[in-house]
Amino acid sequence: MADLKLTDISKRYGSMSVIEKLSLSIDDGEFVVLVGPSGCGKSTLLRMIAGLEPITGGDLVIGGVRANDIPPQKRDTSMVFQSYALFPHMTVRENISFGPRVRGEPKAETETRIRRAAEILNLGDYLDRRPGQLSGGQRQRVAMGRAIVRDPKVFLFDEPLSNLDAKLRIQMRTEIKALHQKLGTTIVYVTHDQIEAMTMADRIVVMNSGRIEQVGTPLELYDNPANTFVAGFIGSPAMSFLQGRTTSENGRPVATLGDGTKLPIARGPGERPVTIGIRPEAYRRDPEGTLNLSVSVVEPTGPEIHVFGTIASEEVRVVLRDRDLPKPGEQLRLSVPVEHVHLFDTQGGQRLGGDFH
């Protein structure tokens, strides 16, 4: 196992900068997920760690050794790709053992590793089958087995579940998390799916336009997003935003919305314009509530009711857990506990907290 340290890592293609002076430390045995929208640089960063992309600037240190100029096959990392990258004419056993055979490793040792990987991944009954005879989830397990048999210091996963259907994705993310708990190996995992990130990671790295927006545990990012980008990206359904101005009424801090609605807040940053963030599940039906939701669309999902509508002429989504379905055109009175009202700077989008700088 090994830790990773990225210091001022940069990647440029000619005059175009994809990643600029990015720094990140990953502890030995940690499961870190890089998440962000398409084009944010997360896969490029993973490929630089693997050695598949040259590093333009900065230092990459794996297990205490500078790895910038070490070829991929000598970095002691193993990568699982989105496309599985299996040889269709080879059996599962041959696919898993391909790397050790090419490197000329002893057959007895290779066979021991194959059996161990097959046991971990429940592939024992499929070793003599070819990839075309397997389901998508089984093929992904074979790709993981090929990585395990190398016994690397670091596992790298590049959106490995994106080709699977919804049910298989849920199953496989549980299996990958269980794999990490068994092996304890450092994992760097790339996905654009924030639900994958939330359910699997020890820490999440939220990326945007080649830079890191925030690093933290899933609940740290969910409860205390650093800015409106993180707040809107982490969480499903996403946080909704209202525009307002903080002031006070009868000595108590409030945020005044565009239509004059007063929303109680925990404390205010003086009088200033703010962006107000509220997670959909934070709303409560409340006859005495100050918020008025004009209902447009209602989506019952079973355990929840998703209600789309407007508050102060701005679109929001509200998640309710009672069984009383509102109707389109209805007006719902809502309240939000003050501890669930997030305030952000209107201009830069940064979270307002602490001494409200």
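The structure is a predicted model, in which local features need pLDDT of at least 70 and side-chain atom pairs count only at pLDDT 80 or more, whereas totals for chains, interfaces and linings use all residues. Residues are numbered from 1 along each chain as its sequence is written, and side-chain values use heavy atoms, with hydrogens and water left out.

The protein chain contains eight helices and 20 strands, where helices (H or I, at least four residues) and strands (E, at least two) are DSSP runs numbered from the N terminus. Its C-alpha trace spans about 80 × 45 × 35 Å along the principal axes. Of the 357 residues of the protein chain, 49% count as buried, with buried meaning under 20% relative accessible area, exposed over 50%, and partly exposed in between (1.4 Å probe, protein chains only). UniProt, in an unreviewed entry, lists residues 4–234 for "domain: ABC transporter"; UniProt positions are given in the numbering used here, feature names are shortened, and annotations may be inferred rather than shown by experiment. In the model, this span of residues 4–234 is 37% helix and 26% strand, and its end C-alpha atoms lie 25 Å apart.

Helix α4 (residues 136–148) has 13 residues and, at 1.5 Å a residue, should span 18 Å, which agrees with the 18 Å between its end C-alpha atoms; the expected span is taken as 1.5 Å times one less than the number of residues. Twelve of the 13 residues of α4 are buried, so this helix is largely enclosed by the rest of the structure. Among the buried residues of α4 are G136, Q140, R141, M144 and I148.

Five strands form an open sheet in the order β15-β19-β16-β17-β18, with antiparallel pairing; two strands pair if DSSP finds at least two bridges between them. The edges of this sheet are β15 (284–285) and β18 (314–320), each of which has a single partner strand, so one side of each is left without a neighbour in the sheet. Within the sheet, strand β16 (residues 291–300) is joined by six bridges to strand β17 (residues 305–311), the two running antiparallel, and V295 stands opposite G309 in β17.

Six aromatic pairs are present in the structure. The ring centres of F31 and Y189 are 5.9 Å apart and their planes lie at 40°, so this pair is tilted; rings of Phe, Tyr and Trp (its six-membered ring) pair if their centres lie within 6.5 Å, and planes under 30 degrees apart count as stacked, over 60 as edge-to-face and the rest as tilted. The pair links distant parts of the chain, with F31 in strand β3 (residues 31–35) and Y189 in strand β8 (residues 186–191), 158 residues apart. Both F31 and Y189 are buried, and together with F155 and F157 they form one aromatic cluster. In a further contact involving a ring, the charged end of R279 sits over the ring of Y222, 3.9 Å from its centre; this assignment requires NZ of Lys or CZ of Arg within 6 Å of the ring centre and within 35 degrees of the ring normal.

Side chains of opposite charge can pair when their charged atoms come close. A search of the whole structure finds 17 salt bridges, each defined by a side-chain nitrogen of Lys or Arg within 4 Å of a carboxyl oxygen of Asp or Glu. One of them joins E30 to R203, with the closest N and O atoms 2.5 Å apart. This pair links distant parts of the chain, with E30 in the loop between β2 (16–26) and β3 and R203 in strand β9 (residues 203–208), 173 residues apart. E30 counts as buried at 9% relative accessibility, whereas R203 is partly exposed, with a relative accessible area of 23%. In the salt bridge between R12 and E20 the closest N and O atoms are 3.4 Å apart; R12 is partly exposed at 34% relative accessible area, and E20 is partly exposed at 39%. R113 and E105 likewise meet in a salt bridge through their side chains (3.4 Å, N to O), with R113 partly exposed at 22% and E105 partly exposed at 24%. Salt bridges that share partners join R103, E105, E109 and R113 into one network.

Towards the end of the description, L352 lies in the segment after β20 (342–345) and counts as buried at 7% relative accessibility. The C-alpha atoms of L352 and A166 are separated by 37 Å, the two residues being 186 residues apart along the chain.
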